[in-house]
Amino acid sequence: MDLWQLLLTLAVAGSSDAFSGSQATPAILVRASQSLQRVHPGLETNSSGKPKFTKCRSPELETFSCHWTDGVHHGLQSPGSIQLFYIRRSTQEWTQEWKECPDYVSAGENSCYFNSSYTSIWIPYCIKLTSNGDTVDQKCFSVEEIVQPDPPIGLNWTLLNISLTGIHADIQVRWEPPPNADVQKGWIVLEYELQYKDVNETQWKMMDPVLSTSVPVYSLRLDKEYEVRVRSRQRNSEKYGEFSEVLFVTLPQMRPFACEEDFRFPWFLFIIFGIFGLTVTLFLFIFSKQQRKEN
């Protein structure tokens with residue numbers, strides 16, 4: 001039923017445009033957009049009704065991309081009506097000429113990608129979003145302020161030790177840095193946060209950030225299975241990147257005490273030593289009595 005209402009609304013808008021010689025009224029377009037949202041809930045809009053920046057992100061301090069949302073008329077705008085322009089300060093003054101986005105494709109829909117040729121650190125950028133020539137949103141930043149690394153890869157774990165009681169164990173978790181982050185040459189310094197939890201729990205336990213790519217996790221129960229994940233951020237930054245894939249840790253099952261089949265009391269030796277002890281005691285008793293008689 002909603003689809004028919006949408007078609008009827010668009011038809012009314014088209015007939016209004018045809019008879020009046022002007023564009024359809026904003027109210028009709030808004031109703032059409034609302035109907036479209038009911039038919040396709042995945043087509044999101046923002047409350048202002050205008051395209052807006054959602055985020056700008058650099059994964060490795062060498063490139064970055066900026067993303068935005070469509071306005072209230074999502075899907076009804078003509079191609080190319082939304083454009084991104086930028087300026088950057090190369091010396092003490094801002095470049096006066098606004099330049100258009102160099103790549104609208106590589107970072108996906110509603111985005112602009114700046115490769116290494118267009119990326120400079122410690123130099124402020126300002127970007128603006130225009131719709132049909134009008135500025136609808138703008139923001140300023142430096143590339144080092146928007147670093148959010150890709151997830152660490154290659155998570156694995158090794159068993160360190162098991163407690164004497166056979167109840168707890170310690171493990172060592174290791175991983176590799178994001179492949180596109182040049183940490184070997186020190187271009188970017190990352191610190192990592194490890195989180196873990198019982199698979200049956202919902203609350204993750206967070207460990208203190210570390211600069212190394214391995215960390216020990218202590219006192220895990222042998223009768224439980226755990227999930228481990230790691231994320232990273234540029235050192236001295238507050239913005240973490242996405243989490244790695246979850247690593248499942250299943251510890252070996254150990255019995256706290258040996259069973260009767262594994263441990264048998266040495267009764268035979270006990271009897272032999274018992275007889276030997278009684279013999280020695282009896283010999284000493286007889287020897288002491290003879291000594292008394294002789295005296």
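Reader: What percentage of the 295 residues of the protein chain count as buried?

Author: This is a predicted model, in which local features need pLDDT of at least 70, side-chain atom pairs count only at pLDDT 80 or more, and totals for chains, interfaces and linings use all residues. Residues are numbered from 1 along each chain as its sequence is written, and side-chain values use heavy atoms, with hydrogens and water left out. Buried means under 20% relative accessible area, exposed over 50%, and partly exposed in between (1.4 Å probe, protein chains only). Of the 295 residues, the share that counts as buried is 34%.

Reader: What average pLDDT does the protein chain have?

Author: The term pLDDT denotes the predictor's confidence in each residue, from 0 to 100. In this chain, 71% of the residues score at least 70. The average is 80.

Reader: Over which residues does pLDDT stay under 50, with 30 contacts beyond four places in sequence?

Author: Where pLDDT is low, the predicted coordinates should not be read in detail. Residues 257–263 stay under 50, and the model has two contacts beyond four places in sequence for them, a contact being heavy atoms within 4.5 Å. The stretch with 30 such contacts, also under 50, is residues 1–45.

Reader: How many strands are there in the protein chain?

Author: Helices (H or I, at least four residues) and strands (E, at least two) are DSSP runs, numbered from the N terminus. The chain holds three helices, and its strands number 14.

Reader: Over how many bridges do strands β8 and β9 pair?

Author: Two strands pair if DSSP finds at least two bridges between them. Strand β8 covers residues 153–162 and strand β9 covers residues 168–176. Within this pairing, Thr158 stands opposite Gln172 in β9. The two strands pair in the antiparallel sense, and the number of bridges is seven.

Reader: Which residue takes a positive phi in the hairpin of β8 and β9?

Author: This hairpin has five residues between the strands. The positive phi, near 75 degrees, belongs to Gly166.

Reader: Which residue forms an edge-to-face aromatic pair with Trp68?

Author: Rings of Phe, Tyr and Trp (its six-membered ring) pair if their centres lie within 6.5 Å; planes under 30 degrees apart count as stacked, over 60 as edge-to-face and the rest as tilted. The structure holds nine aromatic pairs. In the pair of Trp68, the centres are 6.4 Å apart with 85 degrees between the planes, and the partner is Tyr104.

Reader: Why does this pair tie together parts that are apart in sequence?

Author: Trp68 lies in strand β2 (residues 64–69), whereas Tyr104 lies in the loop between β4 (99–100) and β5 (111–114). Trp68 is buried, with a relative accessible area of 6%, while Tyr104 is partly exposed, at 29%. Because of these two positions, the pair ties together parts whose separation in sequence is 36 residues.

Reader: Is Arg229 buried or exposed?

Author: Arg229 lies in strand β13 (residues 225–234). Its relative accessible area is 18%, so by the cut-off of under 20% Arg229 is buried.

Reader: Over the face of which residue does Arg229 lie?

Author: A charge sits over a ring if NZ of Lys or CZ of Arg is within 6 Å of the ring centre and within 35 degrees of the ring normal. Beyond four places in sequence, the contacts of Arg229 include Leu155, Trp204 and Phe243. At 3.8 Å from the ring centre, Arg229 lies over the face of Phe243.

Reader: Which side chain does a polar contact of 2.9 Å join to that of Arg229?

Author: A polar contact is a pair of N or O atoms within 3.5 Å; within protein, one must be able to donate a hydrogen and the other to accept it, and residues adjacent in sequence count only if both atoms are side-chain atoms. For Arg229, the partner at 2.9 Å is Gln195.
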